[in-house]
Amino acid sequence: MQARLTLRILVVAIAFSFSLQELLAQSEKRLFDSNEVLELDMSISLKKLRVETNDSTFMTQDISVNEEGTWETYPFEIRTRGNFRLKNCYYPPTRIRMAKDDAKGSIFQGTRKLKLVLPCAKGKNSGNYVGKEYLAYKMYELVTDYYFRTRLVKMKLTNLDDKKGEQEELLGFVIEDDDDVAQRFDAEISEKKIPPNIMEDTATVIHDFYQMMIGNTDWSGLYQHNQKVMIVGQKTIYPLAYDFDMCGLVNPPYAQVNSAVPISKVTERLYRGFCRDESLFQYVRQHFLDKESELMGLIDQYQDLYTSADLKAMKSFVSEFFVMLKSDKLFKDRIVSSCRNLDGSYSF
């Protein structure tokens, strides 16, 4: 009898142990552990958001989140961010954050601060540009270890300013906070302007090649525009790129070329990196050539996020970059002989 009782207790203990482990595993799931589209639901006054918030002022905002079939409402804070899209878009770019205690035990634990990217304009095709910008983030992950993690969201949004009270379903994505990126590398984000020529050579040139690949001029290594810099181990400095919406790959209707560059449209390419030893250029050249099939495959992988016309245009656009890399003459003319000098001027 005693032996049977002991065995029964042991079985119950093992079952309880497995159940506890399962519960702990579920509770440890974090926002960026999954590539599944995250469903969100939010009712908000966009007018109030614009009027009452800014770079330092948040307002309270409940957001409901569908976690594996169960909706849970969380108390977030939200504010506007950015410049161009804030002034020109119907849906303002935003930051959201949650208190540490509220995030504990949820998928937001450890990622309580996020950028939320939604379409610029209203309309059925506006989500295509969000999908293409999300693709740009995912492609960047293929060529560098130093990037912002992202996750697609499907946002059910009710604008309380709309008298009809109609709910819209928007494609969007959330972006990891820069401090969380730094924590992953046991590093820190610098608030000082750091010249690109003292950043880690290979990572910086990979960054510069990638910006050329997607046709992006809306960034500056000198002034850290649309770029953070991360310091690892006191002295090794890496660039962290973000905001790819103005690039030729995305090519939105509002796209503008940086006024300081000698091109007229975002679908023209210009190498904006600084001059380096040619052997480094050749190394990064081969690095991208080795990634060509993966990068092109990623465009196909996310084709549900944009139209078939977008798919065709993006594949053609990215292919042009690899045509340049495969030609010794074009590579020399467009990159090696066209890099920027330390004073910011171009070599050509």
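Residues are numbered from 1 along each chain as its sequence is written, and side-chain values use heavy atoms, with hydrogens and water left out. Because the model is predicted, local features need pLDDT of at least 70 and side-chain atom pairs count only at pLDDT 80 or more, while totals for chains, interfaces and linings use all residues.

Start with the barrel. Seven strands close up in the order β1-β2-β3-β4-β5-β7-β6, with mixed pairing. From one strand to the next, the twist averages 40°. Strands and helices here are DSSP runs numbered from the N terminus (E over at least two residues for strands, H or I over at least four for helices), and two strands pair if DSSP finds at least two bridges between them. Strand β2 (residues 59–67) sits antiparallel to strand β3 (residues 70–80), and nine bridges hold the pairing. One of the residues involved is Asp62, whose bridge partner in β3 is Pro75.

Strand β4 (residues 94–98) pairs with β5 in the antiparallel sense over four bridges, and Thr94 has Leu116 of β5 as its bridge partner. Leu116 turns up again in the pairing with β7, where its bridge partner is Val174; β5 and β7 also run antiparallel and are joined by four bridges. As for cover, four of the five residues in β5 are buried, so the strand is mostly covered (buried means under 20% relative accessible area, exposed over 50%, and partly exposed in between, with a 1.4 Å probe and protein chains only).

Now for the helix on that side. Helix α5 (residues 126–143) lies across β5, β6 (150–159) and β7 (167–176), and runs at about 20° to β7. Axes are lines fitted to C-alpha atoms, for helices over the stretch in contact, and angles run from 0 to 180 degrees between N-to-C directions. Contact here means heavy atoms within 4.5 Å.

Two packed helices are described by the angle between their axes and the distance between the axes. For α5 and helix α7 (residues 201–213), the axes come within 11 Å and cross at roughly 145°. On the α5 side the contact is made by Ala136, Met139, Tyr140 and Val143, and on the α7 side by Ile206, His207, Tyr210 and Met213. Seven of these contact residues are nonpolar, one is polar and none is charged. In this scheme Ala, Val, Leu, Ile, Met, Phe, Trp, Tyr, Cys and Pro count as nonpolar, Asp, Glu, Lys and Arg as charged, and the others, Gly among them, as polar.

Helix α5 also packs against α8 (278–301). The axes of α5 and α8 come within 10 Å and cross at roughly 145°. Leu135, Lys138, Met139, Leu142 and Val143 of α5 meet His287, Phe288, Lys291, Glu294, Leu295, Leu298 and Ile299 of α8. That contact divides into eight nonpolar residues, one polar and three charged.

The loops have their own points of interest. Arg276 lies in the loop between β10 (236–241) and α8, and counts as buried because its relative accessibility is 16%. Its side chain makes a polar contact with the side chain of Asp201 at 2.6 Å. A polar contact is a pair of N or O atoms within 3.5 Å; within protein, one must be able to donate a hydrogen and the other to accept it, and residues adjacent in sequence count only if both atoms are side-chain atoms. Leaving out residues up to four places away in sequence, Arg276 touches Pro196, Asn197, Met199, Asp201, Thr204, Val205 and Phe281.

Most residues other than glycine have a negative phi. In the loop between α7 and β9 (227–232), Gln224 has a positive phi of about 55° although it is not a glycine. Asn226 is placed in the loop between α7 and β9 as well, and has a positive phi of about 55° without being a glycine. Gln224 is buried at a relative accessible area of 13%, and Asn226 is buried at 8%.

Finally, Thr144 is found in the loop between α5 and β6. Thr144 is buried, with a relative accessible area of 6%, and its side chain reaches the backbone nitrogen of Tyr146 at 3.2 Å.
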